[in-house]
Amino acid sequence: MSLDNTIHMPVITSLNTLQAQAEDVRKHRVNWQSYLQSQMINEQDFNIIQAYDGGKTAESRQSVLDRFQEDCAWTFMQLMTRISKEQTVRYVLTLVDDMLGEDPSRAKLFHDINAKKRVSLWTGFMNMLNREDMFIVHQASRILAKLACNGAEKMSPQDLSYYLNWIIGRFNSDNSDFLQSILASLQKMLRIKDYRKSFYEIGGLSSLLNLLHPKSGFQIHYQTIVCIWLMTFMPELVDEMINNNPVPHLADVLSGVSKEKVTRIVLATFRNLIEKPSEREIVKQFSLSMIHCKVLKHLELMEGKQYGDEDIVADVEFIDEKLRVCLHDVSSFDEYASEVQSMRLEWSPVHKSEKFWRENAIRLNEKNHALLKILCELLQQSHDETILAVALHDIGEYVRYYPRGKKVIDELGIKHYVMNLMTHDNSQVKYNALITVQKLMVQNWEYLGKQLMAAE
């Protein structure tokens with residue numbers, strides 16, 4: 001699925017309560033004459049807003065814009081800053097959002113007047129993001145995204161950083177409708193290449209992955225993955241994503257999804273993760289991660305279903321072919337490394353293969369002991385008993401088969417975390433911690449192994 005083919009896709013299908021509020025706001029009638037009489041607005045602002053607000057059709061509103069040009073945008077900006085009554089602010093923001101929605105090129109009016117007046121285009125709307133009224137915040141965010149993506153002027157790095165960090169800060173909202181609105185603004189922003197890079201650099205991918213938990217619901221999943229998918233069109237970002245691999249999270253969504261649009265966007269993201277990296281090694285790592293996360297099994301199940309979307313069929317065939325080629329060429333260590341990097345360990349055959357450890361224990365030293373450090377991280381952070389038990393076992397096997405393993409484990413500070421798990425509540429974890437500690441304490445493991453066998 002190409003980016004061009006989705007430019008005009010609606011970024012959101014339903015806002016529920018926020019949409020209902022917008023409908024109520026549009027029915028409201030503002031007495032602009034009273035604002036003129038109280039000198040809260042000047043006569044030009046009154047004439048413009050009275051004429052524009054009185055327009056009942058898109059053509060009549062366009063006629064007002066043609067007549068007053070960028071002065072219309074200035075009037076809207078003045079109304080927002082001079083009027084404090086929330087109901088009127090809601091109304092003005094909804095007028096602006098609707099105006100930009102009718103014709104995105106109208107953003108030029110705001111860009112032109114702010115360049116002419118030499119004032120910031122963004123400050124007024126950004127101040128609205130700190131209001132307590134959620135509807136005002138929702139509308140201000142929508143307008144900011146539309147202005148940032150249309151017109152000659154792009155957000156400055158400082159304003160962009162503020163807005164994108166503000167978006168990330170709203171990801172913890174308990175209001176699903178509001179979160180959908182924020183994600184819709186982000187979807188629009190990430191269609192701009194420079195904005196994608198900035199969002200990624202402030203930890204945007206990690207923040208999005210945190211939204212992909214089962215309680216979020218399919219709409220949040222869909223919009224979140226659209227944002228990830230948009231970032232995967234930049235090879236330099238895809239290359240970096242291997243360090244915060246989205247595949248396990250996306251595979252979880254794919255395994256539990258029932259909505260076709262979610263399936264489509266997950267597969268499109270997988271395809272980009274295979275197609276877009278600049279290095280073959282990164283393609284291989286993403287492919288192995290998909291294999292480990294049982295994507296091939298999901299694809300086999302999907303091949304027997306009927307889909308109305310041709311992109312799904314094409315992506316299933318493409319990903320299946322690429323993963324099978326990878327599987328044919330992969331070594332046992334590649335599979336092992338992929339499993340460790342996914343941080344989802346299980347008792348696959350490789351863990352208990354003496355041949356594997358004899359041949360590959362030394363390879364855990366590669367890339368500055370990267371795999372050992374991941375195993376250590378799992379000992380510190382994981383609450384899954386199987387993952388803990390397997391990680392402990394692997395550390396023990398590394399010590400057993402690599403002569404300097406004990407020294408490396410000491411230098412990396414891993415021994416401390418192994419010993420802490422000797423008192424774990426789970427018997428499997430406790431047993432593997434005990435065995436690993438024994439391996440760490442014994443100087444000649446092979447001699448001890450023979451002694452144990454003789455005793456038996």
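**Exercise 1.** At what angle do helix H10 and helix H11 pack in this predicted model, and which residues make the contact?

*Solution.* Start with the two helices: H10 covers residues 157-169 and H11 covers residues 176-189. They pack at an angle of about 145 degrees, and their axes are 10 Å apart. Next, look at the handedness: H10 and H11 cross in a left-handed way. Now pick out the side of H10, which contributes Leu 160, Tyr 163, Leu 164, Trp 166 and Ile 167. From H11 come Phe 178, Ile 182, Ser 185, Leu 186 and Met 189. Finally, sort them by class: 9 are nonpolar, 1 is polar and none is charged.

**Exercise 2.** Is H19 oblique or roughly parallel to H20?

*Solution.* Begin with the angle: H19 (residues 295-303) and H20 (residues 310-329) pack at about 140 degrees, with axes 10 Å apart. H19 is therefore oblique to H20, since roughly antiparallel would need an angle over 145 degrees. This crossing, too, is left-handed. Then inspect the contact, where residues of H19 including Leu 299, Glu 300 and Glu 303 meet residues of H20 including Ile 319, Asp 320 and Arg 324. The contact divides into 9 nonpolar, no polar and 4 charged residues.

**Exercise 3.** Which residues touch the most other members of the largest nonpolar core?

*Solution.* The core has 120 residues, and Phe 110 and Phe 270 are the ones to find. Helix H9 (residues 134-149) gives the most to this core, with 10 residues. Now zoom in on Phe 110: leaving out residues up to four places away in sequence, its partners include Phe 76, Met 99, Phe 125 and Leu 147. Apart from this core lies another, of 36 residues, with Tyr 398 and Tyr 402 among them.

Definitions and conventions: Residues numbered from 1 in each chain as written. Predicted model: local features only at pLDDT ≥ 70, side-chain atom pairs only at ≥ 80, totals over all residues. Heavy atoms only, no water. Core = buried A, V, L, I, M, F, W, Y, C linked by side-chain atoms within 4.5 Å. Buried < 20%, exposed > 50% of the residue type's maximum accessible area, 1.4 Å probe, protein only. Helix = DSSP H or I, 4+ residues; strand = E, 2+ residues; numbered from the N terminus. Contact = heavy atoms within 4.5 Å. Axes fitted to C-alpha atoms, helices over the stretch in contact; angles between N-to-C directions. Left-handed = near helix turned anticlockwise from the far one by under 90°. Nonpolar A, V, L, I, M, F, W, Y, C, P; charged D, E, K, R; others polar. Parallel < 35°, antiparallel > 145°, perpendicular 65-115°, else oblique.
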